[in-house]
Amino acid sequence: MDGEELTEQETQLYDRQIRVWGADAQRRLSKAHVLVCGIKGAVAEFCKNIVLAGIGSLTLVDNRLVTEEALSANFLLPPDEGVFAGKTVAELCCDSLKDFNPMVRVSVDRGELSSFDEEFLKTFDVIVVSCCSLAEKKSVNEKCRNLPKRISFYTVDCRDSCGEIFVDLQHYTYAKEAISVPWKAHPRRVSKLFYALRVIEKFEEAEGRNPGETTISDLPRVLKLKKELCESQSLNEAHIPNALLERLVTNSKEFPPVCAIIGGILGQEVIKAISGKGDPLKNFFYFDAVDGKGVIEDISSKP
């Protein structure tokens with residue numbers, strides 16, 4: 001991201017930020033290109049944060065049409081049906097984000113996440129993925145790792161009053177596929193949310209469901225899968241409380257206050273990765289509004 005210095009207009013607009021993290025960090029931000037795939041509440045908050053921070057460009061991918069559920073958490077979507085009729089979520093979010101900071105190039109790509117090849121992905125410095133299957137997340141993460149250029153890769157998910165962020169910065173000592181590390185190799189105390197979300201993720205994958213399509217009627221089968229996974233992974237079932245799984249399948253919609261927190265943390269982490277200012281989290285972050293705690297989990301490939 002080496003290149004031109006900040007323009008006079010950029011220096012004036014980002015004056016307060018430059019005083020905090022310096023002109024070089026701001027220059028790096030202004031030259032960075034970010035790809036976002038899947039825009040729900042937490043990702044909308046993230047997009048707003050990095051646009052205000054002065055990212056170079058932001059490319060949005062989300063070909064879904066607006067639904068009532070989308071309107072409940074994504075503040076970038078206009079509530080007037082006359083405005084959003086016929087437009088995709090990405091197109092509507094793009095229109096809103098341009099108003100936050102006209103100096104940031106915000107655009108839409110109508111492609112599908114699964115079709116993006118390494119040639120396309122290498123044009124970005126940061127990739128944030130949400131609203132997709134575990135297989136798609138792994139596929140994009142692997143493509144990023146195959147490139148000679150370092151790409152910071154993130155996934156984000158919010159369900160009910162809980163949120164999760166996964167980070168892979170490649171040049172740090174991160175496990176290659178932290179999500180695939182055997183549970184018995186984990187540290188002794190790992191967030192219950194980590195395991196609960198993996199159970200639901202596995203269930204949705206096995207059932208061919210989209211993320212968030214699990215309901216309370218699925219709970220008996222989700223609990224059965226939990227038992228099977230705990231047995232195969234040599235994990236005490238007490239690490240995944242049934243009450244937590246019930247919460248997550250009863251209401252898979254996002255809780256806007258949690259979206260703001262998760263989107264804020266994600267924005268902070270991406271700015272760290274681009275600017276080189278501050279130590280990044282490694283490699284999962286969890287938040288649960290029930291206890292108000294944010295937890296960083298280092299899932300290593302070594303016991």
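1. In strand β7, F284 is the bridge partner of F166. Strands β6 (residues 162-168) and β7 (residues 284-288) run antiparallel and are joined by five bridges. Strands here are DSSP runs of E with at least two residues, and helices are runs of H or I with at least four residues, numbered from the N terminus.

2. The model is predicted: local features need pLDDT of at least 70, side-chain atom pairs count only at pLDDT 80 or more, and totals for chains, interfaces and linings use all residues. Residues are numbered from 1 along each chain as its sequence is written, and side-chain values use heavy atoms, with hydrogens and water left out.

3. The open sheet comprises eight strands in the order β3-β2-β1-β4-β5-β6-β7-β8, with mixed pairing; two strands pair if DSSP finds at least two bridges between them. At the edges lie β3 (105-108) and β8 (293-297), each pairing on one side only.

4. Helix α7 (residues 89-100) packs on the sheet and touches β2 (57-61) and β3, its direction making about 170 degrees with that of β3. Contact means heavy atoms within 4.5 Å; angles run from 0 to 180 degrees between N-to-C directions, with axes fitted to C-alpha atoms, for helices over the stretch in contact.

5. Helix α4 (residues 41-53) packs against helix α13 (residues 256-275) at an angle of about 45 degrees, with the axes 7 Å apart. That angle makes α4 oblique to α13, the class left after under 35 degrees (roughly parallel), over 145 (roughly antiparallel) and 65 to 115 (roughly perpendicular). Residues of α4 in this contact include F46 and I50, and those of α13 include L266 and V270.
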